[in-house]
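This briefing is meant for someone meeting the structure for the first time.

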Amino acid sequence: MKVLSNLLKIWGKVLLLLAGVGILYAYAMFQGGFVSWFLLYSFLPFIIFSILFALYPIQLWKVERIIDGHKMYEAGDTVKVQIQITRKFPFPLYFLMITDTFRMGQGEKKVIRFPFFKRRIHFTYNLDELPRGEHFFENITATSADFLGFIKKEHSFKVESKLIVYPKRQRLNLFFLEKHIGEGALARGLDYKKEMFVPTTIREYQRGDRLSWINWKATARKNTLISKEFEIMEDHQYVICIDRYHLISHDAFEKIVLYSASIANELYKAGHPVTLISTGEGEDRSIFSAKKSVEWMNQVFYHFAIVKNDSPSMLHQVVEKDKAALPERGTIIFITDNMTPHFLESIKRLANNQRKVVVVLSMADGSAQNYSNQVLNQNIIIKAMDEVKSV
């Protein structure tokens with residue numbers, strides 16, 4: 001309906017232009033003289049151009065948006081977006097306004113070009129300080145007009161693109177995870193693998209497997225790379241639970257996501273099995289069970305990219321609902337904005353001799369130390385994010 005309305009407007013204006021030409025010609029014929037004919041010949045090129053412009057089909061242009069999709073963007077990065085327009089017939093356009101719209105903080109990007117006879121029109125712009133999330137680019141709108149500004153043409157090209165921005169991961173010092181309360185010192189390092197995995201069988205090599213996992217005898221026998229398949233020792237599992245309560249402020253939640261992704265990344269690189277539990281609004285309950293594949297880790301980081309603080313339940317309520325998903329042995333890491341008495345009682349019930357609980361708080365007011373003093377010798381560690389320092 002909108003397209004039909006625009007066509008009627010344009011052809012209505014074309015009829016007016018033709019009527020104007022007729023009026024000028026009649027005036028020159030009846031009036032005669034230099035002035036009347038000068039007016040006719042002066043306006044005639046502009047009128048002819050306007051009529052031809054009305055007939056020119058800009059909807060046949062080929063419009064592309066080019067984004068480097070091979071690069072992994074993190075929050076705060078800059079992305080370069082290139083718009084390229086290709087047209088078959090070099091019709092002269094004295095100006096062209098291109099508008100790129102996207103569902104992001106900036107909303108849209110406009111630029112004016114003067115292509116004249118150019119068949120290829122392109123421009124590049126940057127989006128700075130990318131926010132975390134999954135961002136969608138939608139339409140590219142081209143707008144132009146004739147020299148008189150009498151006829152204006154606009155067409156929106158549906159050019160959909162998607163950009164995923166991951167949280168900016170940091171290198172963290174995770175020595176506090178190694179402390180076994182009740183056993184004294186640092187019992188074993190994060191890179192100590194023999195206690196974590198027990199080789200049980202073999203399989204074909206998968207992208208992301210470590211060199212130390214390769215079974216060289218089987219590789220030589222089968223003439224293809226063969227990796228060892230490990231059985232995960234339950235008492236060394238790590239479970240990360242993130243707080244998605246809807247009343248958490250935007251800045252605090254971004255810190256929660258950043259530290260969750262950083263801790264998961266550090267544990268994964270060290271070879272530890274990591275399970276992620278993330279409970280949000282309604283049926284949005286995501287549990288990523290521990291695996292050692294790159295595809296699994298990509299799924300986890302994609303979840304960190306799109307996750308929102310939309311849960312109506314507080315963290316202690318989520319813990320009660322998801323208690324069955326927690327392992328009997330291992331380390332459970334809660335990353336939250338605040339510590340409440342109900343949550344403190346929940347983690348006291350979870351912690352035992354075979355299950356350690358670690359709480360990382362985004363607050364920086366000294367409350368972490370106060371709560372930590374209340375759970376001494378209970379296999380519970382409470383740390384502020386500022387204490388989990390970057391390497």
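This is a predicted model: local features need pLDDT of at least 70, side-chain atom pairs count only at pLDDT 80 or more; totals for chains, interfaces and linings use all residues.

Glu-134 counts as partly exposed, at 24% relative accessibility.

**Salt bridges**

- Glu-134 is joined in a salt bridge to Lys-162, with 3.3 Å between the closest N and O atoms, and this pair links strand 7 (residues 133–145), which holds Glu-134, to strand 8 (residues 152–166), which holds Lys-162, across 28 residues.
- Lys-162 is itself partly exposed, its relative accessible area being 47%.
- Arg-171 forms a salt bridge with Glu-266, where the closest N and O atoms lie 3.0 Å apart; Arg-171 belongs to the loop between strand 8 and strand 9, while Glu-266 belongs to helix 4 (residues 250–269), 95 residues apart.
- Within that pair, Arg-171 is partly exposed at 46%, whereas Glu-266 counts as buried at 10% relative accessibility.
- Glu-320 and Arg-349 meet through their side chains in a salt bridge of 3.1 Å, N to O, which links helix 6 (residues 315–321) with helix 7 (residues 341–350).
- Glu-320 is partly exposed at 36% relative accessibility, and Arg-349 is exposed at 53%.
- The structure holds 13 salt bridges.

**The chain as a whole**

- The protein chain contains 8 helices and 16 strands, and 45% of its 391 residues are buried.

Key
Residues are numbered from 1 along each chain as its sequence is written. Side-chain values use heavy atoms; hydrogens and water are left out. Helices (H or I, at least four residues) and strands (E, at least two) are DSSP runs, numbered from the N terminus. Buried means under 20% relative accessible area, exposed over 50%, partly exposed in between (1.4 Å probe, protein chains only). A salt bridge is a side-chain nitrogen of Lys or Arg within 4 Å of a carboxyl oxygen of Asp or Glu.
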